[in-house]
Amino acid sequence: MAANKPNRLHIHASDAQSWPLEIPSLPDLALKGAYSPAQIWSTEDLEVVQLHGTCHGVQVFTEIDLPGHTTSIGNAYPSLVTAKDVPWPEYALEPPSGQLRLNSSEVPPFIQTLLDDLLLRTSCHSSLFHLGGDELNMNAYRLDPTIKSSSYQILQPLVQAFIDHVISIATAHSLTVIMWEEMVLDWNLTLPQQDIIIQTWRGSDDDALGTILNKGYKTLFGSNAHWYLDCGHGYFVDPDPSNPDSPVRPPYLDHCSPYKNWRH
């Protein structure tokens with residue numbers, strides 16, 4: 001990276017499938033959420049990567065994807081997550097399903113503890129924090145006993161309050177927040193423009209960049225139609241899952257097909 005002059009490295013540090021990042025104040029997150037003990041990023045590991053980046057002129061920042069893509073949190077804290085351990089296609093864009101509850105009194109203090117721990121350590125190496133915000137599935141909240149609805153009108157204020165809380169924590173650590181385009185384009189959130197960068201990614205929406213810029217936000221262009229390497233093949237979007245004799249075998253075409261690689 002240093003030789004070719006890119007100067008930011010975005011680490012997607014958590015996802016639905018695994019929580020590999022050690023959080024000392026919440027040790028069960030990685031102990032119960034990582035694929036294995038050998039696949040945990042210790043605080044020292046992250047520090048080494050960020051320091052190495054700094055020494056080569058590359059600012060390394062982390063993404064904790066919230067409030068979707070958080071199934072792995074439920075391995076340690078099951079009461080914080082809804083729609084976990086259910087058939088995924090109705091409740092997530094990719095398996096496994098599971099999202100943070102938006103109306104639980106337990107979630108805000110958990111988020112505060114998590115981010116205060118992480119951002120205190122990362123903010124000395126980077127001025128950026130990515131909070132995610134993509135692919136939030138409304139159907140999952142029909143299974144949340146405190147909501148029992150997939151209505152946009154009910155969920156939108158809850159998403160706004162959740163994201164406001166995350167932004168307030170990040171800005172208290174003097175960080176600029178990056179988030180995916182859905183929070184503006186799909187959820188129509190009201191955000192503090194001076195502290196926010198919106199990152200586009202859905203190549204199917206050719207107007208996303210202009211729409212976000214016209215709303216007054218700083219914007220990163222990251223369309224999956226142009227910048228996603230090895231995108232278009234996957235193992236979970238089975239076109240004929242009920243037919244064990246189907247001639248179609250993985251890898252299947254996925255959400256960002258046609259297949260692209262480093263040559264295209």
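Predicted model: local features only at pLDDT ≥ 70, side-chain atom pairs only at ≥ 80, totals over all residues.
## Helix H5

Let's start with H5, which runs over residues 152-172. H5 has 21 residues and spans 30 Å from its first C-alpha to its last, close to the 30 Å expected at 1.5 Å a residue.

Once H5 is done, the chain comes to Ser174, which has a positive phi, near 60 degrees.

Ala170 belongs to H5. Its relative accessible area is 0%, so Ala170 counts as buried, the cut-off being under 20%. Which residues does Ala170 touch, leaving aside neighbours within four places in sequence? They are Leu119, Phe129, Leu175 and Val177. Another pairing to look at is Ala170 with Arg121: the two are 49 residues apart in sequence, and their C-alpha atoms are 12 Å apart in space.

Setting aside residues up to four places away in sequence, His173 touches Leu115, Asp116, Leu119, Leu120 and Ser123. Leu119 therefore turns up in the contacts of Ala170 and in those of His173, with a contact meaning heavy atoms within 4.5 Å.

## Salt bridges within helices

The whole structure has six salt bridges. As background, side chains of opposite charge can pair when their charged atoms come close.

Asp117 forms a salt bridge with Arg121, and the closest N and O atoms are 2.9 Å apart. Both residues are in H4 (residues 107-122), and because they are four residues apart, about one helical turn separates them. In an α-helix there are 3.6 residues a turn, so residues three or four places apart point the same way. Is Asp117 buried or exposed? Asp117 is buried, at a relative accessible area of 13%, while Arg121 is partly exposed at 22%.

Lys32 and Asp28 form a salt bridge as well, with 3.8 Å between the closest N and O atoms. This pair lies in H1 (residues 28-33), again four residues apart, about one turn of the helix. Lys32 is partly exposed, with a relative accessible area of 47%, and Asp28 is also partly exposed, at 28%.

## A bridge between loops, and a network

Where do Arg142 and Glu90 lie? Arg142 is in the loop between S5 (128-130) and H5, and Glu90 is in the loop between S3 (81-82) and S4 (99-100), so this pair ties together parts that are 52 residues apart in sequence. Their closest N and O atoms are 2.5 Å apart. Arg142 is partly exposed, at a relative accessible area of 34%, and Glu90 is partly exposed as well, at 40%.

Salt bridges also link Glu181, Asp186 and Arg202 in a network.

## The largest pocket

The largest pocket has a volume of about 1200 Å³. Of the 40 residues lining the largest pocket, Trp180, Trp201, Gly222, Asn224 and Tyr228 are the closest to its centre. The elements that each give two or more residues to this lining are the strands S1 (8-12), S2 (59-63), S6 (176-180) and S7 (196-199).

Which element gives the most to the lining? S1 does, with four residues. By class, the lining residues of the largest pocket are 17 nonpolar, 12 polar and 11 charged.

## The cavity

How many cavities of 30 Å³ or more does the structure hold? There is one. The largest cavity has a volume of about 90 Å³. It is lined by 13 residues, and the ones nearest its centre are His69, Ala92, Leu93, Glu94 and Glu135. The lining of the largest cavity is made up of five nonpolar, six polar and two charged residues.

Note on methods: Residues numbered from 1 in each chain as written. Heavy atoms only, no water. Buried < 20%, exposed > 50% of the residue type's maximum accessible area, 1.4 Å probe, protein only. 1 Å grid on protein atoms, 1.4 Å probe; cavity = no way out; pocket = protein on both sides within 12 Å on 5 of 7 lines; lining within 4 Å. Points joined across faces, edges and corners; volume = space filled by probe spheres on them. Nonpolar A, V, L, I, M, F, W, Y, C, P; charged D, E, K, R; others polar. Salt bridge = Lys/Arg side-chain N within 4 Å of Asp/Glu carboxyl O. Expected span 1.5 Å × (residues − 1).
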